[in-house]
Structures are given as C-alpha cells and as structure tokens.
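Dear colleague,

Please find below the structure that I am handing over to you, together with its sequence. My notes on a pocket and on a sheet follow it.

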Amino acid sequence: MRIVFFGPPGSGKGTQAERMSKRYNLHHLSTGLLLREEINNNSELGKRIRKIVESGHLVDDEIVNEEVFSKVKGYDRFLLDGYPRNLIQAEGLDDYLEKEKKPLSGAIFITIPDAEVIERLSGRLTCSQCGFTGKQPLQNPGDECPRCGTILVERNDDRMEVIEQRLVHYYNFTKHLEKYYHDRLLNIDGMGTVDQVTLRLEEALSIWE
Ligand code: AMP
C-alpha cells in the first residue's frame with residue numbers, strides 16, 4: 001500500500017496517519033513534522049524555510065519534492081502526510097513513483113468544515129519531537145508531552161492570522177487535488193471522535209491491504 005493523506009489544516013491527518021501507518025505497517029512521512037524538525041535544529045534548510053512556515057505559506061515545491069523522494073526511496077509501503085499540497089507536487093510524485101515502478105495505491109481526503117478548523121487549531125499545543133497534539137486548558141505551554149516528555153509548545157503557525165493564511169492555501173491549491181486524484185480517491189469524514197475517524201479509515205484502507 002502506498003498512499004497520501006490530504007485535507008484542510010487540523011483535519012486530523014497527522015494523528016490518523018500515525019495510527020494508520022502502525023495499523024498497516026507503512027513508512028510514515030509527515031512533511032510538516034520534517035520541516036519543523038529542520039527549523040528546530042536550525043539547519044541550513046531550517047534557516048531558509050523558517051519564515052515561510054511560520055507565516056503559513058508553502059515551502060518551495062522543489063525543496064519539498066527532493067526531501068520526500070530521498071526519504072521514501074527504498075520503501076515499498078508508505079504513507080505521506082501533508083504531501084502533496086498542490087498539483088505540481090502531485091505530478092512530481094507520480095512521475096517519481098512511475099520511474100520507481102511503485103505507483104500510488106490512492107489518496108485519502110479527510111474533510112472538516114472551516115469553523116471546525118479554527119476551533120481545533122486555536123489553543124492547540126504540539127510536541128515538536130513526536131507530533132503529539134493537545135488542547136488548552138487540558139494541556140498548557142511548557143507542560144511535558146505525555147508521550148515522550150518533550151516540552152509542549154503552541155506552533156507559531158497555529159496563531160489565528162496564520163490559520164487563516166493556511167486555509168487560503170488549502171482552498172487555492174490543496175483542495176484541487178480532489179480532482180487530480182478523482183479515480184483513486186477515498187473521501188473520509190473527519191468529524192467525530194479520533195476513534196470514530198480511525199474506524200472509518202481502517203475500513204476504507206482495507207481495500208488496499
Ligand atoms: P502541516 O504540519 O502539514 O500543517 O504543515 C505545516 C507547514 O509546513 C505548512 O503550513 C507549510 O508551511 C509547510 N509544509 C508542510 N508540508 C508541505 C508541503 N507538502 N509543501 C509545502 N509546504 C509544506
């Protein structure tokens with residue numbers, strides 16, 4: 001199984017991608033997590049992309065494509081989370097996978113309404129190490145991640161004005177992937193509890209097991 005997850009920010013892609021990659025034994029690659037690690041490590045790439053990511057814009061397609069291709073090389077089963085984000089990336093991925101003779105099984109489109117995006121992302125706390133997310137006031141900035149012990153922080157791009165910018169990118173670019181993947185697309189309703197969405201996904205993905 002080789003799949004991509006896309007959807008609006010806050011749709012639960014990261015959480016569900018992690019669960020599905022364990023359930024179906026897939027190599028999990030989150031471009032958001034990968035890029036945030038580069039920023040936190042203050043690497044050359046991190047320095048170049050910090051402002052872009054923190055203002056809610058998309059990182060250059062060439063940079064992201066290269067990162068993804070180098071990290072999926074050698075894997076037969078994988079789940080890409082938050083990638084592709086636009087048509088250029090989707091076409092780049094298909095070209096790359098065609099050369100590798102490992103075509104994509106399909107694309108998972110997780111949807112939630114805009115009001116839910118704002119509700120979920122405002123006050124969200126994230127672990128930069130393992131990707132765990134929590135919500136204030138249950139968890140507070142500076143608390144330890146209940147999974148790995150790293151300090152929880154509010155992502156700079158989870159500020160209201162940046163959330164709005166991320167939604168603009170979603171509607172201008174990412175949503176068009178629905179058409180691009182129309183013949184290999186699974187639509188998943190992202191509303192409800194995390195476990196409910198997990199059940200929907202498990203059932204849907206079983207066709208490619
Ligand atoms: P995410 O964790 O998926 O919400 O991504 C956080 C941020 O990382 C995005 O707002 C972008 O700035 C950047 N990013 C993640 N994935 C991509 C991608 N496929 N293409 C371009 N930028 C990305």
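**The second largest pocket**

In this predicted model, 14 residues line the second largest pocket, and Arg36, Asn40, Glu54, Arg155 and Asn156 are the ones that lie nearest its centre. Two elements, α2 (31–40) and α3 (44–54), each give two or more residues to this lining. The space within the second largest pocket comes to about 230 Å³. Sorted by class, its lining consists of six charged, four polar and four nonpolar residues.

**The sheet and its helices**

The model also contains an open sheet of five strands, with parallel pairing and the order β2-β3-β1-β4-β8. At its edges stand β2 (27–30) and β8 (185–189); each has a single partner strand, so one side of each is left without a neighbour in the sheet. From one strand to the next, the twist averages 20 degrees.

Strands β2 and β3 (residues 78–81) run parallel and are joined by four bridges. Within this pair, serine 30 is placed opposite aspartate 81 of β3.

Two helices may be described alongside these strands. Helix α1 (residues 13–23) lies across β1 (2–6), β2, β3 and β4 (106–111), and runs at about 175 degrees to β3. Helix α4 (residues 61–72) packs on the sheet as well, where it touches β2 and β3. The direction of α4 makes about 165 degrees with that of β2.

With kind regards

Key
Residues are numbered from 1 along each chain as its sequence is written. This is a predicted model: local features need pLDDT of at least 70, side-chain atom pairs count only at pLDDT 80 or more; totals for chains, interfaces and linings use all residues. Side-chain values use heavy atoms; hydrogens and water are left out. On a 1 Å grid over the protein atoms alone, a cavity is a set of points where a 1.4 Å probe fits but cannot get out, and a pocket is an open set with protein on both sides within 12 Å along at least five of seven lines; lining residues have an atom within 4 Å of a point. Grid points are joined across faces, edges and corners, and a volume is the space filled by probe spheres set on the points. Ala, Val, Leu, Ile, Met, Phe, Trp, Tyr, Cys and Pro count as nonpolar, Asp, Glu, Lys and Arg as charged, and the others, Gly among them, as polar. Two strands pair if DSSP finds at least two bridges between them. Axes are lines fitted to C-alpha atoms, for helices over the stretch in contact, and angles run from 0 to 180 degrees between N-to-C directions. Contact means heavy atoms within 4.5 Å.
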